[in-house]
Amino acid sequence: MKRTLLLIGLGIAFIGVSLWVTMSRGRNARAIRAKYRLGGAILSLLAIVSCGPEGGITTCYDVFTGHNNISVSENQQLTELRNGDVLIFKGLCEFPTKATIMLLDKAERELQRKEYTLDAVYQVLDLEFEVEVGDYRGDAILRITYDGYQIGNDITPHSEDTNVVIVD
């Protein structure tokens, strides 16, 4: 908002100085210098506004930001799982990450684990996870972990739990 008001103010001042130059028929050196300075200020402000952090041009000097998202496919029922069920996880990875899918018992002891290495940037993915927990039956936790956000060199991990029941 401040930049917009400043741009409007500079525009009005530029119109005023342009009238001054016109009335002096271009013979007043102070009026011409003021017009060039105001024009330069307007161009500089427009460059700052268009290339600022709110949007605009991305350069090689900008800090990389990325977001990964991996979740269970929407058309799957996740309340009851059986040995041999194949779960499909869908997602988009904007930066390389390692994803881990685990089945844990209620005491959070590991029943099954599968790791995926996702190296490609802007990769649309389908991860398959086949349930193989042996003789275990009862309440369990389906956990997926991966790097969720990256801002520069800082990476924020993401973990998501879903309560499930392993049935016969």
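Buried means under 20% relative accessible area, exposed means over 50%, and partly exposed lies in between, with a 1.4 Å probe and protein chains only. Aspartate 168 is exposed, with a relative accessible area of 76%. That residue returns below.

This is a predicted model, in which local features need pLDDT of at least 70 and side-chain atom pairs count only at pLDDT 80 or more, while totals for chains, interfaces and linings use all residues. Residues are numbered from 1 along each chain as its sequence is written, and side-chain values use heavy atoms, leaving out hydrogens and water.

Start with the overall layout. The protein has two helices and eight strands. Helices (H or I, at least four residues) and strands (E, at least two) are DSSP runs, numbered from the N terminus. From that end, the order is α-α-β-β-β-β-β-β-β-β. The radius of gyration is 30 Å, well over the 15 Å that the globule rule gives for 168 residues, so the protein is more spread out than a compact globule. That radius is taken over C-alpha atoms, and the rule is 2.2 Å times the number of residues to the power 0.38. Along its principal axes, the C-alpha trace spans about 95 × 25 × 25 Å.

Next come the totals. Buried residues make up 31% of the 168 residues. The protein exposes about 11,200 Å², and carbon and sulfur atoms supply 56% of it. Accessible areas come from the Shrake-Rupley method with a 1.4 Å probe; for residues, only the protein chains shown count as cover. A contact means heavy atoms within 4.5 Å. Among contacts between residues at least 6 apart in sequence, 61% join residues at least 24 apart.

Now go inside. In soluble globular proteins, nonpolar side chains tend to be buried together. A nonpolar core is a set of buried Ala, Val, Leu, Ile, Met, Phe, Trp, Tyr and Cys residues joined through side-chain atoms within 4.5 Å. The largest such core here has 22 residues. Ile70, Phe89, Leu103, Phe129 and Leu142 have the most contacts inside it. Which elements give two or more residues to this core? They are β3 (86-93), β4 (97-105), β5 (110-118), β6 (123-130), β7 (138-151) and β8 (154-166). The largest share, four residues, comes from β7.

Leucine 142 shows what such a position touches. Not counting residues up to four places away in sequence, its neighbours include Val72, Leu78, Leu87, Phe89, Ile101, Met102, Leu103 and Phe129. Glu160, Asp161, Thr162 and Val164 are also among the residues that leucine 142 touches. A second, separate core has five residues, including Leu10, Val17, Leu38 and Leu45.

Leucine 92 sits in strand β3. Leucine 92 counts as partly exposed because its relative accessibility is 34%.

Then turn to the charged pairs. A salt bridge is a side-chain nitrogen of Lys or Arg within 4 Å of a carboxyl oxygen of Asp or Glu. How many does the structure hold? There are seven salt bridges. Arginine 113 meets glutamate 110 in one of them (2.9 Å, N to O). Arginine 113 also pairs with glutamate 115 (3.0 Å, N to O). Glutamate 115, at 51% relative accessibility, counts as exposed. Glutamate 110, at 45%, is partly exposed, and so is arginine 113, at 42%.

Aspartate 168 forms a salt bridge with arginine 137, the closest N and O atoms being 3.4 Å apart. This pair links distant parts of the chain, 31 residues apart. Aspartate 168 is in the segment after β8, and arginine 137 is in the loop between β6 and β7. Arginine 137 is partly exposed, at 36% relative accessibility.

Glu108, Arg143 and Asp161 are linked in a network of salt bridges. Glutamate 108 lies in the loop between β4 and β5. Its phi is near 65°, a positive value in a residue other than glycine. Arginine 25 also has a positive phi, near 55°. Arginine 25 is found in the loop between α1 (2-23) and α2 (29-51), and its relative accessibility of 70% makes it exposed.
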